[in-house]
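Dear colleague,

Please find the structure below. The notes after it set out what was found.

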Amino acid sequence: MRIFAPSVIAAAVSISACATATPTSTSTSTSTSTATPTTTTDVDPLVGKPAPDFTKTTYDGKEVHLAALKGKPVVVYFYPKDETPGCTKEACSFRDAWKDLSATGATLVGISTDDAESHKKFAEHWKLPFLLVSDADGAIAKSFGVPMDQGYVARQTFVIGADGIVKKVYRKVSVASHAAEVMADLKQP
């Protein structure tokens, strides 16, 4: 018989919580938790360099051109698949922190290989207020150094400063605490 530590059980429950949660229509989160970085990323080769540029259209027809967003911070987060437990938990975490995230002036862009129709259903189902774009061929992921496995991108996040320079890279992400980590990054000068 295997015995799991309470922290392992809590993590498993936490990851699946959003997938069974009822979608909300508004965000009122004012999280004040202190985030512990999931990984040290200051040595990532992209930190301190211009973010790889891309232009894509969102599921609702809006064009996203990364270079055109210069002048405000941008968070680009890659995730494997719409409507899966971990990806839903991460998206809902960003949704719940949206009021605070948007107050920083940041643009949040979620990217997976799912098509526009899948993104539309995902965004509508969970009331996601941020941008979702499709990277069907993996070109954007490749430019950021995000690996793909069997057609799915790895879960990784890039915090880009208002100057267009990559400020922080998360090559490993804990979906339960990630929105708080990103919020802390955006608050730093």
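This is a predicted model: local features need pLDDT of at least 70, side-chain atom pairs count only at pLDDT 80 or more; totals for chains, interfaces and linings use all residues.

Ring pairs join Tyr77, Tyr79, Phe94, Trp98, Phe122 and Phe130 into a cluster. Rings of Phe, Tyr and Trp (its six-membered ring) form a pair if their centres lie within 6.5 Å; planes under 30 degrees apart are called stacked, over 60 edge-to-face, and the rest tilted. The structure holds ten aromatic pairs. In one of them, the rings of Phe94 and Phe130 have centres 6.3 Å apart and planes at 80 degrees, so this pair is edge-to-face. Phe94 belongs to helix 2 and Phe130 to the loop between helix 4 and strand 5 (131-134), so the pair ties together parts that are 36 residues apart in sequence. Helices (H or I, at least four residues) and strands (E, at least two) are DSSP runs, numbered from the N terminus.

Residues are numbered from 1 along each chain as its sequence is written, and side-chain values use heavy atoms, with hydrogens and water left out.

Both Phe94 and Phe130 are buried, where buried means under 20% relative accessible area, exposed over 50%, and partly exposed in between (1.4 Å probe, protein chains only). Phe130 touches Tyr77, Ala91, Phe94, Arg95, Trp98 and Leu108, leaving aside residues up to four places away in sequence; contact means heavy atoms within 4.5 Å.

The largest nonpolar core has 25 residues, and those with the most contacts inside it are Tyr77, Phe94, Leu101, Leu128, Phe130 and Leu132. Two or more residues of this core come from each of strand 3 (74-78), helix 2 (85-96), helix 3, helix 4 (116-126) and helix 6. A nonpolar core is a set of buried Ala, Val, Leu, Ile, Met, Phe, Trp, Tyr and Cys residues joined through side-chain atoms within 4.5 Å. A second, separate core of 22 residues includes Ile140, Phe144, Val146 and Ile160.

Helix 6 is mostly covered, with seven of its ten residues buried. Its buried residues are covered by elements including strand 3, helix 2, helix 3, strand 8 (156-160) and strand 9 (166-170). Val159 is found in strand 8; this residue counts as buried because its relative accessibility is 1%. Among the residues that Val159 touches are Asp185 and Leu186. Val159 and Val76 are 83 residues apart in sequence, yet 6.6 Å apart in space, C-alpha to C-alpha.

Finally, where is space left inside the model? The count comes to one cavity of 30 Å³ or more, and the largest cavity has a volume of about 40 Å³. On a 1 Å grid over the protein atoms alone, a cavity is a set of points where a 1.4 Å probe fits but cannot get out, and a pocket is an open set with protein on both sides within 12 Å along at least five of seven lines; lining residues have an atom within 4 Å of a point. Grid points are joined across faces, edges and corners, and a volume is the space filled by probe spheres set on the points. The largest cavity is lined by Val75, Trp98, Leu101, Ala106, Thr107, Leu108, Val182 and Leu186.

Yours sincerely
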